[in-house]
Amino acid sequence: QDEQNRAPLTKPHPFSLLQSAKGFFDLKLALYVGDSAEDIMMVNDARKERDQFLSVGVYSTSDHQSDLIKTFITLKTDIIVPSIRELSSVLNKFKVEP
């Protein structure tokens, strides 16, 4: 029965993401990197409660990359990259000096 109570809180439910963000009191913005539609759906749902999350979709690990890219676009993923290696160069383009 305990497993039944936890099942609704698995991805794409945003519970774990929201709980982990509570540990960072001064958190202004968080990136969540995922490689599935469920990851992006979780971020979108978490953003409804706390507008501090951005989604990053990584597609190189998929056997159906073009389908996954289309899904990421449909889900309005904030950043889409082939692999995590490209993320730093994308983020550096938005770097703001204090």
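**Exercise 1. Which residues does Ser-55 touch, not counting residues up to four places away in sequence?**

*Solution.* The structure is a predicted model, in which local features need pLDDT of at least 70 and side-chain atom pairs count only at pLDDT 80 or more, while totals for chains, interfaces and linings use all residues. Residues are numbered from 1 along each chain as its sequence is written, and side-chain values use heavy atoms, with hydrogens and water left out.

Step 1. Contact requires heavy atoms within 4.5 Å.

Step 2. With that criterion, Ser-55 touches Tyr-32, Ile-40, Val-43, Arg-47, Lys-76, Thr-77, Asp-78 and Ile-79, residues up to four places away in sequence being excluded.

Step 3. Ser-55 belongs to strand β2; helices (H or I, at least four residues) and strands (E, at least two) are DSSP runs, numbered from the N terminus.

Step 4. The relative accessible area of Ser-55 is 0%, so the residue is buried (buried: under 20% relative accessible area; exposed: over 50%; partly exposed: in between; 1.4 Å probe, protein chains only).

**Exercise 2. Determine the strand order of the sheet and the pairing of β2 with β3.**

*Solution.* Step 1. Two strands pair if DSSP finds at least two bridges between them.

Step 1. The three strands form an open sheet in the order β1-β2-β3, with parallel pairing. Its edge strands, each pairing on one side only, are β1 (30–34) and β3 (79–81).

Step 2. On average, neighbouring strands of this sheet are turned by 25° against each other, direction ignored (axes are lines fitted to C-alpha atoms, for helices over the stretch in contact; angles run from 0 to 180 degrees between N-to-C directions).

Step 3. Strand β2 (residues 53–58) is joined to β3 in the parallel sense over three bridges. Val-58 has Val-81 in β3 as its bridge partner.

**Exercise 3. List the salt bridges of the whole structure and locate the partners of each.**

*Solution.* Step 1. The criterion is a side-chain nitrogen of Lys or Arg within 4 Å of a carboxyl oxygen of Asp or Glu.

Step 1. Asp-39 and Lys-11 meet at 2.6 Å, N to O. Asp-39 lies in helix α3 (residues 37–49) and Lys-11 in the loop between α1 (2–6) and α2 (15–22), so this pair ties together parts that are 28 residues apart in sequence. Asp-39 is buried at 2% relative accessibility, whereas Lys-11 is partly exposed at 45%.

Step 2. Arg-47 and Asp-78 meet at 3.0 Å, N to O. Because Arg-47 lies in helix α3 and Asp-78 in the loop between α4 (65–74) and β3, the pair ties together parts that are 31 residues apart in sequence. Arg-47 is partly exposed at 22%, and Asp-78 is partly exposed at 35%. Both residues are also among the contacts of Ser-55.

Step 3. Lys-48 and Asp-45 meet at 3.3 Å, N to O. Both lie in helix α3, three residues apart, about one turn of the helix. Lys-48 is exposed at 69%, and Asp-45 is partly exposed at 32%.

**Exercise 4. Identify the members of the nonpolar surface patch that includes Leu-91.**

*Solution.* Step 1. Patches are made of residues with over 30% relative accessible area and no salt bridge; like charges are joined within 9 Å, and nonpolar side chains (Val, Leu, Ile, Met, Phe, Trp, Tyr) within 5 Å.

Step 1. The patch consists of Leu-31, Val-33, Ile-84 and Leu-91, which together have about 290 Å² of accessible area (Shrake-Rupley method with a 1.4 Å probe; for residues, only the protein chains shown count as cover).

Step 2. Leu-91 lies in helix α5 (residues 87–92) and is partly exposed, at 33% relative accessible area.
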